[in-house]
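Please keep the sequence and the model in view while reading the numbered points.

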Amino acid sequence: MVTRDDLESYLIRMDLDFEEVDDGMFLVQPKSDGTPVVVHHTPPLLVARLKVMSVPQGRDLGKLFETLLVWNATDVVHGAYGIEEGDLVLTDTLELETLDFPELQASLESMQMAAASHIKQIKALAGTGQEG
């Protein structure tokens, strides 16, 4: 089973800037100017969470939600989009028992890539930006 120390060594090995903000909870800064990912070591699971944006209130978001569900099924390799406390988030849950370095690296990179490639369309569908 991957320990908290193992997780920290994986983050160091990935050459990522990170800070332990609570016991077993790391704020991980991507190599690019992307959105930070919160990685929480909570045995028997590791949960990675990336906030995409706050969900706008008072708008018809049906097309946005439909698009997110389609992406969950077809385009998001690791994790899924969801809503948590009024925020649109991308989360992934991994089992610590079988987690290894390549799986963690693939998860974090996939989440960053999905968020970066989808953000313009998400904002356009939410009515908060331009589609591009």
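1. R4 and E8 both belong to helix α1, where they stand 4 residues apart, about one turn of the helix. The model is a predicted one. The side chains of R4 and E8 form a salt bridge, with an N to O distance of 3.0 Å. R4 is partly exposed, its relative accessible area being 23%, and E8 is partly exposed as well, at 25%. R4 and E8 also take part in a network of salt bridges that includes D5 and E20.

2. Which residues of helix α1 are buried? In this helix, which spans residues 4-13, they are L7, Y10 and L11. Viewed down the axis of α1, the buried residues fall within an arc of 100 degrees, so they line one face of the helix. The face turned away from this buried side carries the exposed residues D5, I12 and R13.

3. For α1 and α3 the angle is about 65 degrees and the axes are 10 Å apart. Their crossing is right-handed. On the α1 side the contact involves L7, Y10, L11 and R13, and on the α3 side F101, L104 and L108. Of the residues in this contact, 6 are nonpolar, none is polar and 1 is charged.

4. Helix α3 also contains S107. Is S107 buried or exposed? Its relative accessibility is 1%, so S107 counts as buried. Leaving aside residues up to four places away in sequence, S107 touches H78, D92 and L94.

5. D15, in the loop between α1 and β1, has a positive phi of about 60 degrees although it is not a glycine. D15 counts as exposed because its relative accessibility is 62%. E85, in the loop between β5 (80-84) and β6 (87-95), likewise is not a glycine and has a positive phi, of about 50 degrees. E85 is exposed, with a relative accessible area of 78%.

6. Where is P44 found? It lies in the loop between β3 and β4. The peptide bond that joins P43 and P44 is cis, with omega about 15 degrees.

7. The salt bridges number 6. One of them pairs E84 with R49, whose closest N and O atoms are 2.3 Å apart. E84 lies in strand β5 and R49 in strand β4, so this pair ties together parts that are 35 residues apart in sequence. E84 is partly exposed, at 34% relative accessible area, and R49 is partly exposed at 23%.

8. Another salt bridge joins K51 and D87, with the closest N and O atoms 3.6 Å apart. K51 lies in strand β4 and D87 in strand β6, so the pair ties together parts that are 36 residues apart in sequence. The two partners fall into separate classes of accessibility: K51 counts as partly exposed at 36%, whereas D87 counts as buried at 15%.

Methods: Residues are numbered from 1 along each chain as its sequence is written. This is a predicted model: local features need pLDDT of at least 70, side-chain atom pairs count only at pLDDT 80 or more; totals for chains, interfaces and linings use all residues. Side-chain values use heavy atoms; hydrogens and water are left out. Buried means under 20% relative accessible area, exposed over 50%, partly exposed in between (1.4 Å probe, protein chains only). Helices (H or I, at least four residues) and strands (E, at least two) are DSSP runs, numbered from the N terminus. The arc is that of the directions from the helix axis to the C-beta atoms. Axes are lines fitted to C-alpha atoms, for helices over the stretch in contact, and angles run from 0 to 180 degrees between N-to-C directions. A crossing is left-handed if the near helix is turned anticlockwise from the far one by less than a right angle, and right-handed if clockwise. Contact means heavy atoms within 4.5 Å. Ala, Val, Leu, Ile, Met, Phe, Trp, Tyr, Cys and Pro count as nonpolar, Asp, Glu, Lys and Arg as charged, and the others, Gly among them, as polar. A salt bridge is a side-chain nitrogen of Lys or Arg within 4 Å of a carboxyl oxygen of Asp or Glu.
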